[in-house]
Amino acid sequence: MKPVDTRAIPTTAPDAVLLRSPQIDDGVRLWQIARDSRVLDLNSSYAYLLWCRDFSATSIVAEVDGRVVGFVSGYTRPSAQETLFVWQVAVDEDQRGKAIAGRMLSALMDRTAPLGVTHLETTISPDNEASIALFTALARRRELPISRQSLFSPKDFPDGHEAENLFRIGA
């Protein structure tokens, strides 16, 4: 994976964004951000606590003025350790439009590359234009190919969930 120049990320301004691994005590905040998004499938608060403990090396949080304002939860696929699967991406409403989601994804790709990660996967419902644009822009910035294929149809879900397409970034 081609690294992205992160020198433009502010580090000293009052609204500087700190990108770091999540800690257990961030779990509550991740749950709140997911809940408040009104778009993401909300997992139990317990799941977010476990995520912060067990998948901190493959996840990231964005912090502004000491407050977590966004996160990317991810894991390496057990059957394909070179692939980082991004589960959820969320940014507080008042922090959107500041490229935080894209910066978190780039930083996470850079951080997982030494672990042998060469590809990123995620699923996106066909009508989620914002997420499609986010991941397409990530691939373009990093000069990596992106592919899309059907993964889950509505009939695969027991609860009326939309289809989910698999997006794969990497050479």
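Helices (H or I, at least four residues) and strands (E, at least two) are DSSP runs, numbered from the N terminus. This is a predicted model, in which local features need pLDDT of at least 70 and side-chain atom pairs count only at pLDDT 80 or more, while totals for chains, interfaces and linings use all residues. Residues are numbered from 1 along each chain as its sequence is written, and side-chain values use heavy atoms, with hydrogens and water left out.

**Whole chain**

Start with the chain coloured by secondary structure. Four helices and seven strands are present, in the order β-α-α-β-β-β-α-β-α-β-β along the sequence. The C-alpha atoms occupy a box of roughly 50 × 35 × 30 Å along the principal axes. The radius of gyration, taken over C-alpha atoms, is compared with a globule rule of 2.2 Å times the number of residues to the power 0.38. For 171 residues a compact globule would come near 16 Å, and the chain's 15 Å agrees with that.

Buried means under 20% relative accessible area, exposed over 50%, and partly exposed in between (1.4 Å probe, protein chains only). By this cut-off, 42% of the 171 residues are buried. Contact means heavy atoms within 4.5 Å. Of the contacts between residues at least 6 apart in sequence, 62% join residues at least 24 apart.

**Helix α3**

Select residues 100–112. The expected span of a helix is 1.5 Å times one less than its number of residues. For the 13 residues of α3 this gives 18 Å, and the end C-alpha atoms are 18 Å apart, in agreement. Ten of the 13 residues are buried, so α3 is largely enclosed by the rest of the structure. Among them are Ile100, Met104, Leu105, Leu108 and Met109. To see what the buried residues pack against, show β1 (17–20), β2 (60–64), β3 (67–77), β4 (80–91), β5 (119–124) and α4 (129–141).

Step back to alanine 99, in the loop between β4 and α3. Alanine 99 is not a glycine, yet its phi is positive, at about 65°.

**Helix α4**

Next select 129–141. Helix α4 also has 13 residues, and its first and last C-alpha atoms are 18 Å apart, close to the 18 Å expected. Its buried residues are Ile132, Leu134, Phe135, Ala137, Leu138 and Ala139. The cover over these residues includes β4, α3, β5, β6 and β7 (164–169).

Which residue just after α4 takes a positive phi? Glutamate 143 does, at about 55°. Glutamate 143 sits in the loop between α4 and β6 (146–152). With 59% relative accessibility, glutamate 143 counts as exposed.

Move to serine 73, in strand β3. At 3% relative accessibility, serine 73 counts as buried.

Then select valine 17, in strand β1. Valine 17 counts as buried, at 9% relative accessibility. For a distance to draw, take valine 17 and aspartate 94: they are 77 residues apart along the chain, and their C-alpha atoms are separated by 13 Å.
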